[in-house]
Amino acid sequence: MNVMIDICIVPLGVGVSVSKYIAACQRVLDDAQLAHEMHAYGTNVEGDWDRVMAAVKRCHEIVHQMGAPRITTSMRLGTRTDREQTMDDKIQSVKLKLASE
């Protein structure tokens, strides 16, 4: 089953800047060869459920290895069985509607 997630991983106890931890998670997603798009307060990821969840777990492992004693993660996810749809499909659908107004 494919899944789309919006995930925000926040390491705690590491100071104010967390960009190096986020960069490490982006590398995990690259290595997992998952489609993903970082935005200002998180990352959208799409792919096979098990591969996506394994990458989320790996992000936690890496961030802990980097010295974060605690991590809080928020995640929204969605699945559908009626048809295949990508993150880009969802965005393009809205853009088409905006253009037709």
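**Reading the model**

Mentor: Let's begin with D48, which counts as partly exposed because its relative accessibility is 28%. Buried means under 20% relative accessible area, exposed means over 50%, and partly exposed is in between (1.4 Å probe, protein chains only). Before we go on, this is a predicted model: local features need pLDDT of at least 70, side-chain atom pairs count only at pLDDT 80 or more, and totals for chains, interfaces and linings use all residues. Residues are numbered from 1 along each chain as its sequence is written, and side-chain values use heavy atoms, with hydrogens and water left out.

Trainee: Where does D48 lie?
Mentor: D48 lies in strand β3, residues 42–48. Helices (H or I, at least four residues) and strands (E, at least two) are DSSP runs, numbered from the N terminus.

Trainee: Which residues does D48 touch, not counting those up to four places away in sequence?
Mentor: Contact means heavy atoms within 4.5 Å, and D48 touches M1 and N2.

Trainee: How do I read strand pairing?
Mentor: Two strands pair if DSSP finds at least two bridges between them. Here β1 and β3 pair in the antiparallel sense over six bridges, and I5 stands opposite V45 in β3. Strand β1 is also joined to β4 (residues 70–78) by nine bridges, again antiparallel. In that pairing V10 stands opposite T72 in β4.

Trainee: And what about a helix?
Mentor: An α-helix has 3.6 residues a turn, so residues three or four places apart point the same way. Helix α1 covers residues 19–31, and its 13 residues reach 18 Å from first C-alpha to last, close to the 18 Å expected. That expected span is 1.5 Å times one less than the number of residues.

Trainee: Which residues of α1 are buried?
Mentor: They are Y21, A24, C25, Q26, V28 and L29. What covers them includes β1 (2–12), β2 (35–39), β3 and α2 (49–65). After α1 comes Q33, with a positive phi near 55°.

Trainee: How many disulfides does the structure hold?
Mentor: A disulfide is a covalent bond between the sulfur atoms of two cysteines. Here a pair of cysteine sulfur atoms must be within 2.5 Å to count, and the structure holds zero disulfides. C25 is in none, and the nearest cysteine sulfur, that of C59, is 3.4 Å away.

Trainee: Are C25 and C59 buried or exposed?
Mentor: C25 counts as buried because its relative accessibility is 5%. C59 is buried too, with a relative accessible area of 3%.
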